[in-house]
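Keep the viewer open and turn the model as you read.

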Amino acid sequence: MGVKSKKKNTNPPTPNESPETTHIPHHSMMPYKFEPYKPESNEAYMNERQLLHFRSILEAWKKELMQEVDNTIIEMKEASVTVLADPNDRATQEEAFNLELRTRDRERKLIRKIEEALQQIDDKEYGYCESCGVEIGIRRLEARPTAVLCIDCKTLDEIREKRTAQ
């Protein structure tokens, strides 16, 4: 599962490492409120406290996504009971169902990524780049808890994607 070496991250802290509660706009792709992690001086990267912090973020996110899946099933069952005589209404309902199912499919894939991140926490491999082994960083992981690449490797990956797409 990628490179196992754990190199020290030499990147300086980002300017937005505020100790206040981070508010991320609510949508189903990210938990919307958590207390940013405040590392103590000379604290080891991905120690038990940090792993617990990320576990709680990931578990809350997964729980929220699972609740949305349950709500969608209930709503779709209720909506499908109603017989719509007008073909335009039926088409609109079908399109809404398709959109909802596509959204749930993306969330299903995201749940799988969350479960993989939780497994990495269990294995004490969480927070390190799969490509180069460097620390991903606390703030990047708070912004994207399922990140598996450091910012440099992710940037290179995106550049390669753009070149191949052209």
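A pocket, as the word is used here, is an open set of grid points with protein on both sides within 12 Å along at least five of seven lines, and its lining residues have an atom within 4 Å of a point. That will be handy further on. Please keep in mind that this is a predicted model.

**The overall fold**

The protein has four helices and two strands, and along the sequence they come in the order β-β-α-α-α-α. Of its 166 residues, 33% count as buried. Among contacts between residues at least 6 apart in sequence, 59% join residues at least 24 apart.

| Helix | Residues | Span, first to last C-alpha | Expected span |
|---|---|---|---|
| α1 | 34 residues | 50 Å | 50 Å |
| α2 | 36 residues | 52 Å | 52 Å |

At the start of α1, a side-chain oxygen of N47 comes to within 2.9 Å of the backbone nitrogen of R49. Which residues of α1 are buried? They are Q50, L51, H53, F54, I57, L58, W61, E64, L65, E68, T72 and M76. An α-helix has 3.6 residues a turn, so residues three or four places apart point the same way. The buried residues of α1 pack against β2 (33–34), α2 and α3.

The side chain of Q50 reaches the backbone nitrogen of M46 at 2.5 Å. Beyond its neighbours within four places in sequence, Q50 touches Y37, E43, A44, Y45 and I138.

M46 itself is in the loop between β2 and α1. With 9% relative accessibility, M46 is buried too. Although M46 is not a glycine, its phi is positive, at about 55°. Most residues other than glycine have a negative phi.

In soluble globular proteins, nonpolar side chains tend to be buried together. Here, the largest nonpolar core has 27 residues, and M46, F54, L58, Y126 and L141 are those with the most contacts inside it. Helices α1 (48–81), α2 (87–122) and α3 (138–143) each supply at least two residues of this core. Take F54 as a place to start in the viewer: apart from neighbours within four places in sequence, F54 is in contact with M46, I121, Y126, I138, L141 and E142.

The buried residues of α2 are Q93, T103, R104, E107, L110, I111, I114, A117, L118, Q120 and I121. Part of what covers them is α1.

Just after α2 comes K124, with a positive phi of about 60°. K124 is a residue other than glycine and belongs to the loop between α2 and α3. Is K124 buried or partly exposed? A relative accessible area of 42% makes K124 partly exposed.

E135 is found in the loop between α2 and α3 as well. E135 is buried, because its relative accessible area is 10%. E135 and I151 are 16 residues apart in sequence, and their C-alpha atoms are 9.8 Å apart in space.

**Helix α4 and the cysteines**

C153 belongs to helix α4 (residues 151–165). Its relative accessibility is 12%, so C153 counts as buried. Leaving out neighbours within four places in sequence, C153 is in contact with C129, S131 and C132.

**A pocket to visit**

Rolling a probe the size of a water molecule over the atoms shows where empty space is left. The second largest pocket has a volume of about 250 Å³. Its lining consists of 13 residues, and those nearest its centre are K113, T146, A147, V148 and L149. Which element gives the largest share of this lining? That is α2, which supplies four residues.

Note on methods:
Residues are numbered from 1 along each chain as its sequence is written. This is a predicted model: local features need pLDDT of at least 70, side-chain atom pairs count only at pLDDT 80 or more; totals for chains, interfaces and linings use all residues. Side-chain values use heavy atoms; hydrogens and water are left out. A nonpolar core is a set of buried Ala, Val, Leu, Ile, Met, Phe, Trp, Tyr and Cys residues joined through side-chain atoms within 4.5 Å. Buried means under 20% relative accessible area, exposed over 50%, partly exposed in between (1.4 Å probe, protein chains only). Contact means heavy atoms within 4.5 Å. A polar contact is a pair of N or O atoms within 3.5 Å; within protein, one must be able to donate a hydrogen and the other to accept it, and residues adjacent in sequence count only if both atoms are side-chain atoms. The expected span of a helix is 1.5 Å times one less than its number of residues. On a 1 Å grid over the protein atoms alone, a cavity is a set of points where a 1.4 Å probe fits but cannot get out, and a pocket is an open set with protein on both sides within 12 Å along at least five of seven lines; lining residues have an atom within 4 Å of a point. Grid points are joined across faces, edges and corners, and a volume is the space filled by probe spheres set on the points.
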